[in-house]
Amino acid sequence: MNVIASIGIGPFDTAWLAAALILTTPILLAAIGELISERAGVLNVGLEGFMLAGAFFSYLITWKAHSLPLGVLAGVAGGVVFAVVMGLLTIEAKADQIVSGVGINLAAIGLTSYLFDEIFGNEAQIVVPTIGQLKIPGLASIPDFGPALFNHDWVLYMAFLLVPASWFLLYRTKWGLAVRASGELPAGADTAGISVRRVRWAGVLTAGALAGLGGVNLAIVQVGIFHQQMTAGRGFLALVAVIFGRWKPLGVLGACLALGGADALQLRLADQNQVPTQVWGVVAGIAAALAIYYVVRARQARPRWVAITLSAMVALTGVVLAFASPHVDLPDQLWRSLPFLLALVVLGGAVTRAHMPSKLTLPYTRGDG
């Protein structure tokens, strides 16, 4: 009983759960838009730039117009404008999608930094009003978990509702079939009378709008301020989430929750002088689940003995550390990099088995075979 009590909830309490949902939201918004774009065949490496533009212009217009609705629209429009540039480069001019995306990121960083210095350089830090919380009656009153799950802003609810909506659109509508065909077999889609160009434009603009809304969430939902490069790599985390989610809405949701949970965890652990016992227990549980997954998959496909062995070793190490509870003091910088370290591990494990759209990043010209 003493051991069980010692590995209780620890940092994984309702406050961590609420923070995880909040930090997941901007990544999830950008990832759902990117999922649709990539299924149509366009890879938006410039997702970070879309989000940064959304954050800046939502903050600027909210301050200038004293209107949150106009700020939201401006943020979405900011993401869409950069998406239009991306579409002109990659769909119309047939430029390399990765190079174009890098250029979009650099342009967004430069433009927002310049405008911020010009407009706010001589001003004290300006805090604009933020979008308030929307408590769901009844559900928010559930003890412990109610406030953590059902007392958030409408942008968060929208982000999570987009997951089933995107699944329905992709797999139960003609438009979704057109999107998937444009990324898998654009020549066949063209033969069937589908305009691959229009579908890809729709995908890119959707990614721009949702990534812009993710930037809105960062600026005028979470904090009410803007600072240069405040997206802090969340656009790249959204790209990783799409890959790890294997280009499926539910998989993308799981990947975003893992990244958001890791981000919330690093905030909780940054001021602690050692790793809590509960963290080792969670590491052991996740590694054990992966080992079981690989063993089950081995019956249907080629066994991945290296992955199974490594997962089992990590699980065993986590169990030992959970019971031994050693004093391990890790620097704050390592905690802050936790989401990105997780993204690297996830990407390394997922990329070899990924089922990406076959024509992703490849331009299409009507009449090509």
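The buried residues of helix α11 are Arg 234, Gly 235, Leu 237, Ala 238, Leu 239, Val 240, Ala 241 and Val 242, where buried denotes under 20% relative accessible area, exposed over 50% and partly exposed in between (1.4 Å probe, protein chains only). Because 8 of the 11 residues of α11 (residues 234-244) are buried, this helix is largely enclosed by the rest of the structure. Arg 246, which follows α11, has a positive phi, near 55°.

The model is predicted, with local features requiring pLDDT of at least 70 and side-chain atom pairs counted only at pLDDT 80 or more, while totals for chains, interfaces and linings use all residues. Residues are numbered from 1 along each chain as its sequence is written, and side-chain values use heavy atoms, with hydrogens and water left out.

The protein chain contains 16 helices and 2 strands; these are DSSP runs numbered from the N terminus (helices H or I, at least four residues; strands E, at least two). Of the 369 residues in the protein chain, 45% are buried. Contact was defined as heavy atoms within 4.5 Å. Among contacts in the protein chain between residues at least 6 apart in sequence, 80% join residues at least 24 apart.

Helix α7 (residues 154-172) has 19 residues and spans 26 Å from its first C-alpha to its last, close to the 27 Å expected at 1.5 Å a residue; the expected span is 1.5 Å times one less than the number of residues. At Leu 162, α7 bends by about 30°, and Pro 164 follows within four residues. The bend is the angle between axes fitted to the seven residues ending at a residue and the seven starting there. Val 155, Leu 156, Tyr 157, Ala 159, Leu 162, Val 163, Ser 166 and Leu 170 of α7 are buried. An α-helix has 3.6 residues a turn, so residues three or four places apart point the same way. At the start of α7, the backbone nitrogen of Val 155 lies within 3.0 Å of a side-chain oxygen of Asp 153.

Helices α8 (residues 174-184) and α10 (residues 196-223) pack at an angle of about 100°, with their axes 9 Å apart. Helix α8 is therefore roughly perpendicular to α10, a class covering angles of 65 to 115 degrees. Trp 175, Ala 178, Val 179 and Ser 182 of α8 make the contact with Val 196, Val 199, Arg 200 and Ala 202 of α10.

Arg 39 lies in helix α2 (residues 14-40) and counts as buried, with 10% relative accessibility. Leaving aside neighbours within four places in sequence, Arg 39 is in contact with Tyr 171, Val 179, Arg 180, Ser 182, Gly 183, Trp 247 and Pro 357. The C-alpha atoms of Arg 39 and Gly 203 are 8.1 Å apart, although 164 residues separate the two along the chain.

Ile 98, in helix α5 (residues 97-120), counts as partly exposed at 44% relative accessibility. Apart from neighbours within four places in sequence, Ile 98 is in contact with Leu 43 and Val 45. Ile 98 and Val 42 are 56 residues apart in sequence and 9.6 Å apart from C-alpha to C-alpha.

Asp 263 belongs to helix α12 (residues 249-269) and, at 11% relative accessibility, counts as buried. The side chains of Asp 263 and Gln 266 are joined by a polar contact of 2.9 Å. A polar contact is a pair of N or O atoms within 3.5 Å; within protein, one must be able to donate a hydrogen and the other to accept it, and residues adjacent in sequence count only if both atoms are side-chain atoms.

Definitions and conventions: Axes fitted to C-alpha atoms, helices over the stretch in contact; angles between N-to-C directions. Parallel < 35°, antiparallel > 145°, perpendicular 65-115°, else oblique.
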